[in-house]
Amino acid sequence: MKVVLPDGKELELADGASGLDAARAIGPKLAEQSVLVKADGTPQDLRLPLADGQAIQFLTTRNTDDPDALHVLRHSAAHLLAEAVRRLYPGVKVAIGPPIENGFYYDFEFPAPITDADLERIEAEVNREIAEGRTWQREEISRDEARARFAAEGEPYKVELVDTAEGSISLYTQSHDGTDEFTDLCRGPHLQDASPIKAFKLTSLAGAYWRGDEKNTQLTRIYGTAFYAKADLEEHLNLLEEAKRRDHRRLGVQLDLFHFSDISPGSPFWHPKGMAVWNVLEDLRRRENAARGYVEVRTPQIYDQELWVTSGHWEKYREHMFTFESEHRTFGLKPMNCPGHCVLYSAGAVSYRELPLRMAEAGVLHRDELAGALHGLLRVRMFSQDDAHIFCTEEQVADEVLGCLDFGYAIYEKLGLEIDVELSTRPESRLGTDEEWDAAEGALRDALERRGLAYTVNEGDGAFYGPKIDLHMRDSLGRSWQIGTVQLDRQMPQRFKLGYQGNDNADHTPVMIHRALIGSFERFIGILIEHFAGAFPFWLAPVQVRVLPIADVHHAKAQAVAEQLAGYRVEVDSSAETVGKRIRNAELDKIPFTIVVGEKESDEALAIRERGGEQSTKSLSELLGLLATLSGDK
Ligand SMILES: [Zn+2]
Ligand SMILES: [Zn+2]
């Protein structure tokens with residue numbers, strides 16, 4: 001038989017040859033370094049047979065960034081972890097242990113709770129196993145055999161997995177010097193032996209329900225990671241350290257911006273300083289909307305189910321909505337502003353001369369996100385978007401979409417944000433005809449190309465009513481979050497029977513563009529906190545200037561300085577701490593300017609300390625000039 005190599009050359013092999021045989025046929029070095037073969041793009045265990053005509057590609061210990069190469073390494077490391085845990089904690093039951101982004105986990109039911117201190121001991125045991133050496137053997141057995149085997153080992157989770165597994169049952173046994181140490185139910189693929197695992201680290205402990213269902217037993221999840229090189233692990237740990245430093249949940253509390261309470265899961269309590277940041281963005285939203293021809297509207301929070309049936313949300317989005325009964329009617333709390341805007345639009349007769357009609361509303365929205373999916377400000381149940389809906393004619397679509405992108409980029413560039421652009425196309429479950437989807441997807445592509453934006457295509461990820469351009473940013477861990485979106489919709493205007501009188505005097509249906517550019521204020525602020533590590537630019541900082549009187553007698557003087565900075569967000573810190581301590585606090589609070597006022601300071605000579613430590617003496621008027629420049633284009 002023949003297989004095709006990445007360079008297009010064909011390789012002749014004996015029938016039934018494995019990936020490893022193919023690697024050996026190319027050269028001993030490749031065979032030694034290979035960890036996985038991709039057969040027609042699917043990662044496969046090196047020992048499994050290849051099929052005639054398959055295109056193959058080897059992943060080696062040199063592919064240290066390839067997600068599949070890392071997955072096979074980390075998944076194998078997870079099996080080593082399970083072996084170690086079983087040896088150290090007799091009576092433990094093993095559940096599942098998949099690779100994940102940045103590492104792996106394994107779930108166990110321990111006979112007694114374990115703590116972080118146990119992780120060190122387990123990690124040492126795994127490192128001992130790696131040093132001792134482990135090889136993996138794969139075998140396929142019948143379902144009955146597998147069930148009997150795991151039942152005899154007292155592994156109820158594995159028995160359940162055998163019962164629910166699809167297809168054939170395969171086992172991986174790790175052994176050393178001919179002694180079998182641990183056998184796991186696993187589809188693979190796996191390394192052939194543990195020697196490529198050059199760095200192994202357990203990172204944290206968490207609780208997790210069996211199969212993610214809170215009705216089931218709570219298990220202990222051990223997270224870890226592994227790498228092909230020690231230096232890669234060090235780099236990863238440095239990144240984690242940096243991410244922790246930037247984590248908006250930690251900084252949100254430290255900087256007194258917001259907090260969460262279990263009394264209302266997923267709904268932030270905004271503190272005055274958090275609201276200061278919010279209001280700066282809200283002002284920006286208002287000003288830019290006005291400058292770009294948007295009108296502000298306000299629509300209800302609660303609607304009869306009838307509205308959601310018309311909009312299609314009842315059919316497609318109900319599981320994410322909060323609903324309730326009142327006076328024998330079923331109501332839904334709005335998860336989006338659009339249906340309300342359609343009702344508002346339909347209240348008046350609209351002529352083509354009034355289009356495009358750009359309706360903006362930063363209304364409060366609620367979505368019933370699963371508790372497990374909530375994540376600080378980045379995924380919440382209550383939020384407000386810089387939402388707007390543009391009703392326009394078919395001919396106006398391209399310019400309007402372009403206008404949205406220009407608007408968005410004006411904000412992103414002002415903040416120095418890097419945005420990943422995605423075009424999401426028709427999902428499986430959708431409203432509308434294929435022709436309508438073709439036209440809508442084409443219009444979005446055109447706008448992206450006219451603005452010269454690089455974008456990736458997310459096949460099948462569009463909204464049920466239309467395709468969309470999604471604008472993403474990354475958090476401190478490199479995870480991508482959607483912030484803005486521009487969505488084309490021909491469905492909702494039809495469903496609400498919206499119309500306008502064209503210049504031909506006939507009735508037409510407008511196109512609706514849903515757009516949010518910063519997305520939810522909650523998520524945007526969360527991402528900004530991580531982006532700036534809490535050190536907001538001057539114009540956005542919750543407290544812009546802090547004045548510190550050296551002693552009690554200087555309080556009035558400090559107060560007078562603060563008053564002369566009216567219009568800026570200024571506070572006076574006359575707490576009983578030493579000046580040194582208060583300066584350090586200002587630094588920890590990431591305040592852009594701190595002014596120390598004592599005996600020798602006056603309006604002609606103020607002692608100014610900038611965030612980061614730079615010190616200078618400026619007159620009050622020089623300072624006012626500097627602050628005006630810094631907030632210049634806010
Ligand atoms: Zn496995
Ligand atoms: Zn909308």
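Which residues point one way from E30, and which the other way? Val545, Val547 and Pro549 point one way, and Arg546 and Leu548 point the other way. The views below start from the whole chain and then return to this strand.

This is a predicted model, in which local features need pLDDT of at least 70 and side-chain atom pairs count only at pLDDT 80 or more, while totals for chains, interfaces and linings use all residues. Residues are numbered from 1 along each chain as its sequence is written, chains are lettered from A and ligands numbered from 1 in the order in which they are written, and side-chain values use heavy atoms, with hydrogens and water left out.

**View 1. The domains of the protein.** The protein is divided into domain 1 (2-60), domain 2 (68-246), domain 3 (258-531) and domain 4 (538-631). These bounds come from an automatic or database domain assignment. The C-alpha centres of domain 1 and domain 3 lie 48 Å apart.

**View 2. Strand E30 and its burial.** Strand E30 covers residues 545-549. Strands (E, at least two residues) and helices (H or I, at least four) are DSSP runs, numbered from the N terminus. Five of the five residues of E30 are buried, so the strand is largely enclosed by the rest of the structure. Buried means under 20% relative accessible area, exposed means over 50%, and partly exposed lies in between (1.4 Å probe, protein chains only). In a regular strand the side chains alternate between the two faces of the sheet.

**View 3. The partners of E30.** Two strands pair if DSSP finds at least two bridges between them. Three bridges join E30 to strand E31 (residues 570-572), and the two run parallel. From E30 the chain crosses through helix H17 (residues 555-564) to E31, in a right-handed β-α-β crossover. Right-handed means that, with the strands pointing away from the viewer, the path from the first strand over the helix to the second runs clockwise. Five bridges join E30 to strand E32 (residues 593-597), again in parallel. Here Leu548 stands opposite Val596.

**View 4. Arg546 and Glu571.** A salt bridge is a side-chain nitrogen of Lys or Arg within 4 Å of a carboxyl oxygen of Asp or Glu. Arg546 is buried, at 5% relative accessibility. Glu571 is partly exposed, at 25%.

**View 5. Asp21 and Arg24 in helix H1.** Both residues lie in helix H1 (residues 19-26), three residues apart, about one turn of the helix. Asp21 forms a salt bridge with Arg24, with the closest N and O atoms 3.8 Å apart. Asp21 is partly exposed, at 33% relative accessibility. Arg24 is exposed, at 53%.

**View 6. Lys9 and Asp7.** Lys9 forms a salt bridge with Asp7, and their closest N and O atoms are 3.5 Å apart. Both Lys9 and Asp7 are exposed. The structure holds 48 salt bridges.

**View 7. Cysteines without a disulfide.** A search of the whole structure finds zero disulfides. A disulfide is a pair of cysteine sulfur atoms within 2.5 Å. The sulfur of Cys392 is 9.0 Å from the closest cysteine sulfur, in Cys404, too far for a bond. Cys392 is buried, at 0% relative accessibility. Cys186 is also buried, with a relative accessible area of 9%.
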